[in-house]
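Dear colleague,

I am handing over the structure below, and after it you will find notes on what turned up when I went through it. Please read them with the structure open beside you.

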Amino acid sequence: MDKGFDDLNSFLKNSYEKNKLKRKKKNKYLIILVNIITIITLIGAGIGIKSINDYKDEIKKTSEYEKSLLNRKPILIEKEEIKKDLYDFTELLKTNPDTVGWLKVNNTKVDLPIVKTTDNKFYLNHNFDKKYSTFGWIYVDYRNNLDNLSKNIIIYGHTYKNDLMFSSLKNALEKSWYENKDNLIIELKTPKDNYKYKIFSIYTTKKTDSYLKTSFTSQEFNEYINNSLSKSINNFNTEVNESDKILTLSTCYLNSNNRLVIQAKLEN
């Protein structure tokens, strides 16, 4: 009887140890899997294999850098011989000759200089000082002309889980934001002129959508506008016709396959 009990006890003990070992192996594999998923997620978000602390540090530095640029905001030139208000971009152009203007979107963090170069790649990962940055900078499509406004000025910026670059444009999806009429006016200042655009469409779409066009025939433009209006989250009662010029702000939404698009027509 005692021997049978000992054998049973030994069996249960061995089973427990085996199960314990299996659990350890399972937990080990689970930890490895979680780490792999984390790395893949970070890479997908454009963070690469940097540590979370490095990433947070870069967010802090970039945020401080954005704020510092407000001190270099173009100053109004007040001269009698100038019949319209112009702003002095001298200091910004010294910092970066690619500077083409200053963009402001009310009740967002977008109040920054914008740049333009010969492609749409460089400023994906370089800041205003042309130094490498995960967050890149806000830039105008290389096909556009801001001296003689293109039919559709397209401006790009990254979105992350912070308020840097175009991240705060997600505010525009909130009813409380777009029902505030002041928020519907987007300001674009350039060394040669100042423009105000009125929002006529806000929508989300796939990155494969053909909204990134800069030139059109009259018929193409009308079709383009009608398509934009049909996708808008709200009817802004802003008429757009074939003689108008427009502005398009484009950024990622939720993931790299989706886009948030804000479009406005030139008012002045």
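Please keep in mind that this is a predicted model. I begin with the second largest pocket, whose lining residues divide into 5 charged, 3 nonpolar and 2 polar. Its volume is about 220 Å³, and the elements that each give two or more residues to its lining are α2 (52–69) and β4 (111–115). Of the elements, α2 gives the most, with 3 residues. Among the residues that line this pocket are Glu 66, Lys 67, Asp 111 and Asp 163.

Asp 163 also forms a salt bridge with Lys 170, with the closest N and O atoms 3.8 Å apart. Asp 163 is partly exposed, at a relative accessible area of 38%, and Lys 170 is likewise partly exposed, at 40%.

The whole structure holds 9 salt bridges. In another of these, the side chains of Asp 98 and Lys 130 meet at 3.2 Å, N to O. Because Asp 98 lies in the loop between α3 (90–95) and β3, and Lys 130 in the loop between β4 and β5 (139–140), this pair ties together parts that are 32 residues apart in sequence. Asp 98 counts as buried at 16% relative accessibility, whereas Lys 130 counts as partly exposed at 38%. By contrast, Glu 179 and Lys 175, which form a salt bridge at 3.9 Å, are both exposed.

Finally, Thr 99 lies in strand β3 (residues 99–105) and is buried, with a relative accessible area of 5%. A polar atom of its side chain lies 3.4 Å from the backbone oxygen of Leu 92, and its contacts beyond four places in sequence include Phe 89, Ile 114 and Phe 128.

With best wishes

Technical notes. Residues numbered from 1 in each chain as written. Predicted model: local features only at pLDDT ≥ 70, side-chain atom pairs only at ≥ 80, totals over all residues. Heavy atoms only, no water. 1 Å grid on protein atoms, 1.4 Å probe; cavity = no way out; pocket = protein on both sides within 12 Å on 5 of 7 lines; lining within 4 Å. Points joined across faces, edges and corners; volume = space filled by probe spheres on them. Helix = DSSP H or I, 4+ residues; strand = E, 2+ residues; numbered from the N terminus. Nonpolar A, V, L, I, M, F, W, Y, C, P; charged D, E, K, R; others polar. Buried < 20%, exposed > 50% of the residue type's maximum accessible area, 1.4 Å probe, protein only. Polar contact = N/O pair within 3.5 Å; in protein donor to acceptor, adjacent residues only side chain to side chain. Contact = heavy atoms within 4.5 Å. Salt bridge = Lys/Arg side-chain N within 4 Å of Asp/Glu carboxyl O.
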